Amino acid sequence: MKDIARELGVSVATVSRALKDSPRISAAQRERIQAFAQSHHFTPNYVAETLRHSRVRPQKIIGVIIPQFAHFYFSSILSGIEQEASARGYSIMVAQSDEQYDREVRICKSFYEHKVCGIIVSQAKDTQKYDHFQQLIDMGVPLVFYDRICTGVNASRVVVDDYMGAFNAVTHLINTGCRRIAYYGASMTLEISKNRYNGYRDALLRQGLQPREEWVHICDNRADAEAITPQILSEEEIPDAFFAVNDDTAIGILYSAKRMGYRVPEDISICGFTNGQRAVACDPMLTTVEQRGVTVGEEAANILIQLVEGSLPPGHVEKRVVRTRLIIRGTTR
């Protein structure tokens, strides 16, 4: 407010009243001050306002945006972020985008208004415009992506080796005798989906096998897997293996196959991607690619805190890859 007052040649009190829409300031003066504040991205510091009459010292707070709390992988990442932040003297403020672009934009605005020291985010499935992320960077807010990165924004990120995770999983299916391998993946607007599909495809091609269009589906949840798998398994020629983008989808395939009388893994092998708690709660237990979510969260928090504290220079883009590993259990031969 001091900056606005100096630029416009008015008192700080006048600026404060105008921003609060006080009738004690003329309409013309209010509009002039509010327009200037908006054009320079001024937002009230609610934390400072709360502490104005308090002796409590403000905390170092990191904003975290998670697509959905229900997913084991995202909750494990959140655990890693919290552990690293707490060990370094930081607190976290968490919000769920629920896979909605509009909600994600509102959360970014709210975090900025509450003056978090930085933001760690995995973009929503619906997000195809990235102005809200770029604006944060332009306004000097440290930003770190995890899992679902935004290739349209030059920011630090932590990902798992999705390509090699998928490549190794499908190679394992092939090495155990599978030749007709179906793929269930997420929308190709997400970078992780492209990488996992490319790993699947290249593993087939390396062994002289061709991906079959009728066995490649956009399907990334259990409900959809249970809806489409029975039709695929009712055809004259069926897959002898499925590779799924996550464990929930793989478990949907497993449930459908068993309900139709197929033996797993004797008739059909199934591999997922996550290694969450559900992978060991099904029968047989699920072969899957372990993503190491806690490590992803720790790395993301570490990068952000380094940016906040200056051990990484402003504008530096840090890229880290967390290695996956294949966990072989009972759904593959």
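Mentor: A residue counts as buried when its relative accessible area is under 20%. Please keep in mind that this is a predicted model.

Trainee: With that cut-off, what share of the chain counts as buried?

Mentor: Of the 333 residues, 50% count as buried. The chain exposes about 16200 Å², and carbon and sulfur atoms supply 47% of that area.

Trainee: How many helices and strands are there?

Mentor: The chain has 12 helices and 12 strands. Its C-alpha trace spans about 80 × 40 × 30 Å along the principal axes.

Trainee: And among contacts between residues at least 6 apart in sequence, how many join residues at least 24 apart?

Mentor: The share of those contacts is 71%.

Trainee: Now to α2. Which of its residues are buried?

Mentor: Thr14, Val15, Ser16 and Ala18 are buried in α2. The buried residues of this helix pack against α1 (2–8) and α3 (27–39).

Trainee: What about Val12: where is it found?

Mentor: Val12 is found in α2, which covers residues 12–19. With a relative accessible area of 35%, Val12 is partly exposed. Together with Met1 and Phe42, Val12 forms a nonpolar patch on the surface, and the three have about 220 Å² of accessible area together.

Trainee: Last topic, charges: how far apart are their mean positions?

Mentor: The mean positions of the 39 positive and 39 negative charges are 7 Å apart.

Terms used. Residues numbered from 1 in each chain as written. Predicted model: local features only at pLDDT ≥ 70, side-chain atom pairs only at ≥ 80, totals over all residues. Heavy atoms only, no water. Patch = residues over 30% accessible without salt bridge, like charges linked within 9 Å, V, L, I, M, F, W, Y side chains within 5 Å. Areas by Shrake-Rupley, 256 points an atom, 1.4 Å probe, with all protein chains shown as cover. Salt bridge = Lys/Arg side-chain N within 4 Å of Asp/Glu carboxyl O. Helix = DSSP H or I, 4+ residues; strand = E, 2+ residues; numbered from the N terminus. Buried < 20%, exposed > 50% of the residue type's maximum accessible area, 1.4 Å probe, protein only. Contact = heavy atoms within 4.5 Å. Lys, Arg positive; Asp, Glu negative; His and termini not counted. Charge placed at Lys NZ, Arg CZ, Asp CG, Glu CD.
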